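I'm opening my notebook on this one. I'll jot down what I look up, one entry at a time.

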Amino acid sequence: MIKTEPAAQPAPLPTALTRRGVFGLAGVSAAVAASPVAARGFGTGFTHCVASGEPGSDKVMLWTRYVADQTTDLMWQVSEGEDFSNPVAEGSARAAAERDWCAKAWADGLMPNRWYFYRFIAPDGTASPVGRTRTLPEGPTHKFRLGVFSCSNYGFGWFNAYGHAAEANDIDLAVHLGDYIYEYGAGTYPSAGQAHPERVLAPESEIVALTDYRLRYATYRADPDLQRLHQVVPMIAVWDDHESANDSWKDGAENHQSETEGEWALRKAAAIRAYREWLPVSDAPYSTFEIGDLATLFRLDTRLEGREQQFSLAKIIEGQANPEAMVSALSTFRDGEWSNPNRQLLGAVQEEWLAEGLVQSKSRGATWQVLVQQVLMGKLASPKGMLDLLGDGLPDYARRRLMASSLAAEAGLPLNMDAWDGYPAARERVFKAGLEADANLLVLAGDTHNGWAFDLAQDGQNVGVEFGVCSVSSPGFESYLSMIPPDTLAAAVVGSNEELKWADTAQRGYMTVELTPQRATTEYRFLEGVRQRSTRLAATKRISSEAGSNALTM
């Protein structure tokens, strides 16, 4: 989507911190939730509750953080009962300074399609909070529900979407599509005027070094609603760009300046390491998860594994004397670089793995092939004449981007070169692989901060459907197109894009995706806001797709 983030600015090299603490939250309380980060002390022991992730039919990864004065071996237990009178699995996990005291372990030998309780125990007998997790089903499966999240910027407000999902208690698995954290320094995004006074960011500088990334995760993971969601349901997570830097690709990022921030390879490695320390995720860049005979989830990396550098529409029209010359330059680009048949988003190895996986999923009889990934796959162009709807007061950077996207539409180009729209040949290869496998393709996407529902097509043939989730807290179109009523804007976007069947451009929240052998049904859940901590819903929207139709039912 058109990014609301400001353009990157050169920044001084960060000062290394001698100690990265975390915030001592043994549980979830209103008092702790309301206190600003700066007022909380660093803690020892179990500092960030517990989490679980990447479940299989017989295993799940367990996570906690235990701060001590030396490396500590923790015992973990898994039980069918909350009293742990008869643990069904036990093992050990090491908390050490070199992993920022984060401890992870696989609990295996479990039964399929089963809810379990788990906990960690320190050598002195201190126990962590009790977590709840579950394994994936095997064989015939009649229903499974995902909770889907994306784009949670701490500084803009409370993570009410996480709180509502935990409170509703009606999902089997949380799926996070990226932008779990944001890398910007205080006063950047959000600006000082936009920042929530109780959501104090740490560190205050942009995060570049490993210690910075670790402290930023510690800040986010201290949020009580995020802790609670992790505590009560397992999660599959993928990173997007802000876990490293805005508009990242395999060899760089828009928000990385090597002259002041060092080598990209070092920053990228630090970002990946901190992510894998602080989340219950494996080291595999992409993987599959089988939900009985109901679905295969393909967790993809569209960001750091194989992505080539994004195009910039603004740079293409830069220096052109008038709109006619700009459209001409964009048309030349459309027929040239943009249409390059070899351009990569997934990378050749991952692309081949996905194509083979789609075939295998269908061969084993799975109904749905679900792509768990970061950016919009549907074709999305700016409404023609968008600039005519705008008034004065729009920031210069936003006006320039909107002008570029409006002119791009005149030239037959999409508006967001950071999404699959910037890599049309790569998208076509995935679509053809889906058609060849006779896949029942369901694509999940985040990144844009707004809600979307697409029919996906290739050469006039239905390929699948896409559900794009709105953000947890990051602002969307409404933040810089406030002069256009949201319903008017959504109608204009839907009316200008054949595959787009529905859009919401003004609300925060999350979505559930219920899979059955007959249909996939998404419920968009919109919270009343993010400035106050509350789980009250403002609205919902349900959209379905019948199995085998590769089309949406509104």
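I'm working with a predicted model here. Which residues of α3 are the buried ones? I noted D212, Y213, R214, L215 and R216, then Y217, A218, T219, Y220 and R221. That makes 10 of the 12 residues in α3, so the helix is largely enclosed by the rest of the structure.

I also checked the length of α3, which runs over residues 210–221. At 1.5 Å a residue it should span 16 Å, and its end C-alpha atoms are 16 Å apart, so the two agree.

**Entry: the whole protein**

Next I zoomed out. I found 12 helices and 22 strands in the protein. Its C-alpha atoms fill a box of roughly 75 × 55 × 40 Å along the principal axes. How does the radius of gyration fit with a compact globule? For 554 residues such a globule would have a value near 24 Å; the protein has 23 Å, so that agrees.

Burial came next: 61% of the 554 residues count as buried. I looked at contacts too, taking those between residues at least 6 apart in sequence. Of these, 73% join residues at least 24 apart.

Rolling a probe the size of a water molecule over the atoms shows where some is left. I got five cavities of 30 Å³ or more. The largest cavity holds about 100 Å³ of space. I found 14 residues lining the largest cavity, and those nearest its centre are W239, Y275, A284, P285 and R299. Sorted by class, that lining has eight nonpolar, two polar and four charged residues.

**Entry: the second largest pocket**

Last stop for today. The second largest pocket has about 480 Å³ of space. It is lined by 26 residues, and K379, D421, R427, A457 and E499 are the closest to its centre. Which elements give two or more residues to this lining? They are helix α11 (424–436) and the strands β17 (451–458) and β18 (461–468). The largest share, five residues, comes from α11. I sorted this lining by class as well and got 10 nonpolar, seven polar and nine charged residues.

Notes. Residues are numbered from 1 along each chain as its sequence is written. This is a predicted model: local features need pLDDT of at least 70, side-chain atom pairs count only at pLDDT 80 or more; totals for chains, interfaces and linings use all residues. Side-chain values use heavy atoms; hydrogens and water are left out. On a 1 Å grid over the protein atoms alone, a cavity is a set of points where a 1.4 Å probe fits but cannot get out, and a pocket is an open set with protein on both sides within 12 Å along at least five of seven lines; lining residues have an atom within 4 Å of a point. Grid points are joined across faces, edges and corners, and a volume is the space filled by probe spheres set on the points. Ala, Val, Leu, Ile, Met, Phe, Trp, Tyr, Cys and Pro count as nonpolar, Asp, Glu, Lys and Arg as charged, and the others, Gly among them, as polar. Helices (H or I, at least four residues) and strands (E, at least two) are DSSP runs, numbered from the N terminus. The expected span of a helix is 1.5 Å times one less than its number of residues. Buried means under 20% relative accessible area, exposed over 50%, partly exposed in between (1.4 Å probe, protein chains only). The radius of gyration is taken over C-alpha atoms; the globule rule is 2.2 Å times the number of residues to the power 0.38. Contact means heavy atoms within 4.5 Å.
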